[in-house]
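Today I want to look up the aromatic rings and what surrounds them.

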Amino acid sequence: MSVVCGIVARNQINSIFFMYFIIMIIAILICSKLPKIKGYQSKGDTFSPLILLKNRNLMLFMIFSFFIQITMGYYYSFFPIYFQQLGGDNGLLGWSMLFSSISELPFLLFGHKIVKRFGIHTVLLCTAFFAGIRWVFMFFVDNPYLVLPIQMLHGLIVIVLLVAIAIFIDNEVPKELKASGQTFNALVSLGIARIVGSIIGGVASEYVGMRQVFLYNAVLAFITFLVFTFVFKREFKVVQQKVSVSIK
């Protein structure tokens, strides 16, 4: 769809809004046909969502996600403008979005197996590392065609981050609060963090330029990687010590 919209936007960009309208109407019709499912708390037992704040691992993952999603907020708001500054047109922009979407498929298909094999901490740290690499490439790139292979790193960042934390919530959060946990994840990651990234990134780009802000994003991602490597390692040691004490 991104390729089609890009080709159409080359000649008449206003037409993409009508295309969006049609797509949204179809989405609404599909959603209206979804079966209604009663939540676990519909039986009368209620649980406060504040319980989620007591889950130390979940809070650490939310903070981690917040910093990485700040960089994504800037990307989603200003990448199309930056891409055009590099010389790319709307048609090529559509192809770049297609590349980034395709790159997400492997983790969508094998996410559970990957998390189970390497552990959620390692998987999350990889998202920060690859985010840093991606933003460094974005800083140095000067040809719109070279952006296409860089976009393949998208599948190692956003979808990995969202799915890994979603898997953790599904496995570790009480069943009565699973929906609240997923909503909280979306609020922090896709809402607040991206708003912050968009606003601060926009202000910063006015002073230093969009290219330089991508470098700042890389620095933020690498700092997040280093800090949480230490934090996760420390948490693992604490768990190991508790296990050793319980065995004794």
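Which residues do ring pairs link into a cluster? I noted first that this is a predicted model. Then I listed the cluster's members: Tyr 74, Tyr 75, Tyr 76, Phe 78, Phe 79, Tyr 82, Phe 83, Trp 135 and Phe 214. In the whole structure I find 18 aromatic pairs.

**Entry: Trp 135 and Phe 214.** The ring centres of Trp 135 and Phe 214 are 5.7 Å apart and the planes meet at 35 degrees, so I log the pair as tilted. Trp 135 belongs to helix H6 (residues 120-140) and Phe 214 to helix H10 (residues 210-247), so I note a link between distant parts of the chain, 79 residues apart. I checked burial too: Trp 135 and Phe 214 are both buried.

**Entry: around Trp 135.** I set aside neighbours within four places in sequence and looked up the contacts that remain. Trp 135 touches Thr 71, Met 72, Tyr 75, Phe 214, Asn 217 and Ala 218.

**Entry: the core.** The largest nonpolar core has 53 residues, and Trp 135 is among those touching the most other members, along with Leu 58, Phe 64, Ile 68, Leu 124 and Met 138. I see helix H3 (56-85), helix H4 (90-102), helix H5 (105-118), H6, helix H7 (144-151), helix H8 (158-172) and H10 each giving two or more residues to this core. H3 supplies the largest share, with 14 residues.

**Entry: charges over rings.** I found Arg 134 over the face of Tyr 75, 4.4 Å from the ring centre. The charged end of Arg 117 sits over the ring of Phe 118, at 5.0 Å from its centre.

Note on methods
Residues numbered from 1 in each chain as written. Predicted model: local features only at pLDDT ≥ 70, side-chain atom pairs only at ≥ 80, totals over all residues. Heavy atoms only, no water. Phe/Tyr/Trp six-rings, centres within 6.5 Å; stacked < 30°, edge-to-face > 60°. Helix = DSSP H or I, 4+ residues; strand = E, 2+ residues; numbered from the N terminus. Buried < 20%, exposed > 50% of the residue type's maximum accessible area, 1.4 Å probe, protein only. Lys NZ or Arg CZ within 6 Å of the ring centre and 35° of its normal. Core = buried A, V, L, I, M, F, W, Y, C linked by side-chain atoms within 4.5 Å. Contact = heavy atoms within 4.5 Å.
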